[in-house]
Amino acid sequence: GEVVRGGKAAKAPKDGDDSGKPGKPEDKSLSKMAMKTGKGKAAPKGKAAAGKRGRPADVQGIHLSETDLKKARDLGYESQIQNLSKRPEVVDSGKKGADLLAALKDSNGLVNAAKRALLGA
């Protein structure tokens, strides 16, 4: 039979085919954009799940003393000093937690500016 939608006649879908088009039925659970970008898929396992750009999820970084962490926390820079302490270039530089905190103070908490100051770049 015919089905009228929006003032236009269309053929009624057959059982199991709600797209009205021949061929493979569409997966209605994901939007077209999500299907193109791969969003909505199950999380990757193994190395790909470790972190962005192949970095391990639990980077050790520079050891921060409780004193340095408390000072950073009091200034509102706790997450920034933890972020800065895990950057590979900063770890390789051999700087101490106090140096990181001083650089963050000088840069008003801006991590990339503090990193540049620490590395002389």
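Trainee: In which hand does α3 pass α6?

Mentor: A crossing is left-handed if the near helix is turned anticlockwise from the far one by less than a right angle, and right-handed if clockwise. In this predicted model, α3 passes α6 in a right-handed crossing. Helices here are DSSP runs of H or I with at least four residues, strands are runs of E with at least two, and both are numbered from the N terminus.

Trainee: At what angle do α3 and α6 pack?

Mentor: Axes are lines fitted to C-alpha atoms, for helices over the stretch in contact, and angles run from 0 to 180 degrees between N-to-C directions. The angle between α3 and α6 is about 45 degrees, and their axes lie 10 Å apart. α3 is therefore oblique to α6; under 35 degrees counts as roughly parallel, over 145 as roughly antiparallel, 65 to 115 as roughly perpendicular, and the rest as oblique.

Trainee: Which residues make the contact?

Mentor: Contact means heavy atoms within 4.5 Å. Gln 80, Asn 83 and Leu 84 of α3 meet Val 111, Ala 114, Lys 115 and Leu 118 of α6. By class, this contact has four nonpolar, two polar and one charged residues. Ala, Val, Leu, Ile, Met, Phe, Trp, Tyr, Cys and Pro count as nonpolar, Asp, Glu, Lys and Arg as charged, and the others, Gly among them, as polar.

Trainee: How do α3 and α5 pack?

Mentor: Helix α3 (residues 78-85) and helix α5 (residues 97-106) pack at about 120 degrees, with axes 10 Å apart. They are therefore oblique to each other. Gln 80, Ile 81, Leu 84 and Ser 85 in α3 meet Gly 97, Leu 100, Leu 101 and Leu 104 in α5. The residues of this contact comprise five nonpolar, three polar and no charged.

Trainee: How many residues has the largest nonpolar core?

Mentor: A nonpolar core is a set of buried Ala, Val, Leu, Ile, Met, Phe, Trp, Tyr and Cys residues joined through side-chain atoms within 4.5 Å. Buried means under 20% relative accessible area, exposed over 50%, and partly exposed in between, with a 1.4 Å probe and protein chains only. The largest core has 15 residues, and Leu 84 is among those with the most contacts inside it. α5 gives the most to this core, with four residues.

Trainee: What conventions apply?

Mentor: Residues are numbered from 1 along each chain as its sequence is written, and side-chain values use heavy atoms, leaving out hydrogens and water. As the model is predicted, local features need pLDDT of at least 70 and side-chain atom pairs count only at pLDDT 80 or more, whereas totals for chains, interfaces and linings use all residues.
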